[in-house]
Amino acid sequence: MSLAVAVSLLLVPAAAGHPATPIVDAAKGVLAPVPILVAPRTDFVGTNGRPAAPALRAWARDARVPLPAGTIRVRTRGGCPWHLRDAGGNRRMSSAPCSIPPNGLYVPPGTPRTLFLHELGHIFDYQMPAATRDAFRRQFKLPRPWRTYGMGFGRLPASPRPLAHEQFADAYMACALDPRRPPNGTTDRGYRASPRRHRAVCDLIDRAGDALDATRPLTTFGRGG
Ligand SMILES: [Zn+2]
């Protein structure tokens, strides 16, 4: 029996009014496994199963936000395989970069870094707790739903106002570029923030990074989410 274990089995003599307390606490530094803090591992893998293009991985590595957890599957050709429906209910195939729930990215050649980070923001969104969406929505007084289209849930929104999830993806992109300085003006998908609010949003994303779950059911933010 090691000294540490022997010590852990001793009891502190009961003081007046206090029950006997094992001195395990005192010995914790010796007995408890040392916690090892490891960021969730993120891999970017192409359709051939090999690591995705070094440029994309460098963009992700340099992002100043937590990355989505797990394996991100990246395809670079063939169009966005996520079928959207237009207002008439017709399917359309997009040639623009997109995220493919739960962990895919379509990133055709020529995709700018900003758009790559935006799409990565969508993957992050799929994994983050619902409370983060609520907090983001509160920050900007955004109405429900978070998302109304995609993943077979419905149609493209009739409203020209970008939806909350698109604003969030742009916020993620902006934080990835610089968590201390917001973009000038309004981004393409409607993110606009003062420096103070931008910092708060980036902090929110930082905290969400500690609670990512790559297996979180996507339906939790579908219709009306
Ligand atoms: Zn988007």
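Select helix α3 and then the buried residues along it, which pack against β3, β4 and α4; two residues pack, or are in contact, if their C-beta atoms, placed from the backbone, lie within 7 Å. Helices (H or I, at least four residues) and strands (E, at least two) are DSSP runs, numbered from the N terminus. What you have open is a predicted model, in which local features need pLDDT of at least 70 and side-chain atom pairs count only at pLDDT 80 or more, while totals for chains, interfaces and linings use all residues. Residues are numbered from 1 along each chain as its sequence is written.

Stay with α3 and colour L56, W59 and A60, which are buried. They cover an arc of only 95° around the axis, and therefore lie on the same side of α3; the arc is that of the directions from the helix axis to the C-beta atoms. Now turn to the other side of α3, where P54, A55, A58, R61 and D62 are exposed. A residue is buried if 20 or more other C-beta atoms lie within 10 Å of its own, exposed if 12 or fewer, and partly exposed in between.

Next, select the sheet, an open one in which four strands follow the order β3-β4-β8-β7 with mixed pairing; two strands pair if DSSP finds at least two bridges between them. Because β3 (42-46) and β7 (98-100) stand at the edges, each with a single partner strand, one side of each is left without a neighbour in the sheet. Inside the sheet, β4 (residues 70-75) and β8 (residues 104-106) run parallel and are joined by three bridges, and R75 stands opposite Y106 in β8.

Then move to the largest nonpolar core, a group of 41 residues in which L56, Y172 and C175 are those with the most contacts. Such a core is a set of buried Ala, Val, Leu, Ile, Met, Phe, Trp, Tyr and Cys residues joined through C-beta atoms within 7 Å. Select Y172 and look for V65, L117, G121, F124 and I205, which Y172 touches, not counting residues up to four places away in sequence.

Finally, colour the chain by pLDDT, the predictor's confidence in each residue, from 0 to 100. The protein chain averages 77, and 67% of the residues score at least 70. Over residues 1-32 pLDDT stays under 50, as is also the case over residues 150-158. Where pLDDT is low, the predicted coordinates should not be read in detail.
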